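Please read the points alongside the displayed model.

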Amino acid sequence: MTRYRLTIEYDGRPFVGWQRQALGASVQGTIEAAIKAITGETVAVHGAGRTDAGVHAAAMVAHVDVARVMAPYRLAAGINAGLRPAPISIIGCEVAADNFHARFDCTERRYRYLIVNRRAPLTVDRGLAWQVSAPLDVDVMHAAAQILVGHHDFTTFRSAHCQATSPCRTLDRLTVRHDGDRIVFDTAARSFLHHQVRSMVGCLQLVGASRWTPQELAAALAARDRTALGFNAPPDGLTFVSAQYNLSANFTVA
């Protein structure tokens with residue numbers, strides 16, 4: 001049995017999310033079906049994160065155990081052939097040490113959220129960004145975002161269906177910047193609660209539109225109550241950017 005580390009890119013729009021579900025196609029289930037088609041094996045693909053329906057990934061990390069002996073590049077090519085025409089691509093594949101676990105060994109997860117701040121309809125960014133037509137003050141949004149950085153009880157910013165045992169998380173970074181008419185949110189933490197990133201972006205959008213003050217954002221955080229949430233941003237603009245691992249650990253076989 002060989003453990004492979006996969007790096008995966010996908011467009012989340014056609015899927016019910018990363019996690020395998022009884023109803024609807026999932027990213028995890030689609031990859032598992034492609035592996036079974038080329039190996040004949042029923043496998044479980046373990047991802048570093050569990051993205052929601054409509055959320056994308058630029059470099060999701062996962063691992064899978066396969067009994068059939070295959071060179072990593074052949075396994076990747078075979079999975080990609082089996083995935084067509086689904087918008088999923090294995091962009092990296094390598095043999096990993098038996099003790100590597102994509103989820104539990106991950107030390108930091110990074111997400112990016114994209115708002116396109118303009119009146120004109122979206123074309124190439126349709127489904128990949130949240131369009132907000134009203135002007136937004138990015139400097140105020142970035143300053144307010146720093147209220148959320150650090151260790152907090154994020155109950156206000158978690159889904160009512162979140163299964164995490166604790167609402168407390170440490171947010172390592174949350175930045176907001178301009179890129180033309182695009183507003184880019186970059187955030188990083190060891191782990192996130194269900195809907196946490198989308199909830200934070202939704203409330204920061206209210207701040208940028210002068211519908212909330214930074215003090216009201218702080219009060220919502222302190223309330224530790226989901227009913228204090230201002231707005232949950234749509235999934236379109238959210239992308240899982242990368243998963244980070246301890247480089248000193250021997251998780252990859254040379």
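1. Strand β10 (residues 238-245) is mostly covered, with 6 of its 8 residues buried (buried means under 20% relative accessible area, with a 1.4 Å probe and protein chains only). Strands here are DSSP runs of E with at least two residues, and helices are runs of H or I with at least four, numbered from the N terminus.

2. The model is predicted: local features need pLDDT of at least 70 and side-chain atom pairs count only at pLDDT 80 or more, whereas totals for chains, interfaces and linings use all residues. Residues are numbered from 1 along each chain as its sequence is written, and side-chain values use heavy atoms, without hydrogens or water.

3. Strand β5 (residues 106-116) pairs with β10 in the antiparallel sense over 7 bridges (pairing requires at least two DSSP bridges between the strands). Within this pairing, Arg 109 has Ala 243 of β10 as its bridge partner.

4. Strand β3 (residues 56-66) runs parallel to β10 and is joined to it by 2 bridges. Here His 56 is the bridge partner of Thr 239 in β10.

5. Helices α3 (residues 138-145) and α4 (residues 196-208) have axes that come within 8 Å and cross at roughly 135°. Axes are lines fitted to C-alpha atoms over the stretch in contact, and angles run from 0 to 180 degrees between N-to-C directions.

6. Val 140, Met 141, Ala 144 and Ala 145 of α3 meet Leu 204, Gln 205, Val 207 and Gly 208 of α4 (contact means heavy atoms within 4.5 Å).

How values were computed:
Buried < 20%, exposed > 50% of the residue type's maximum accessible area, 1.4 Å probe, protein only.
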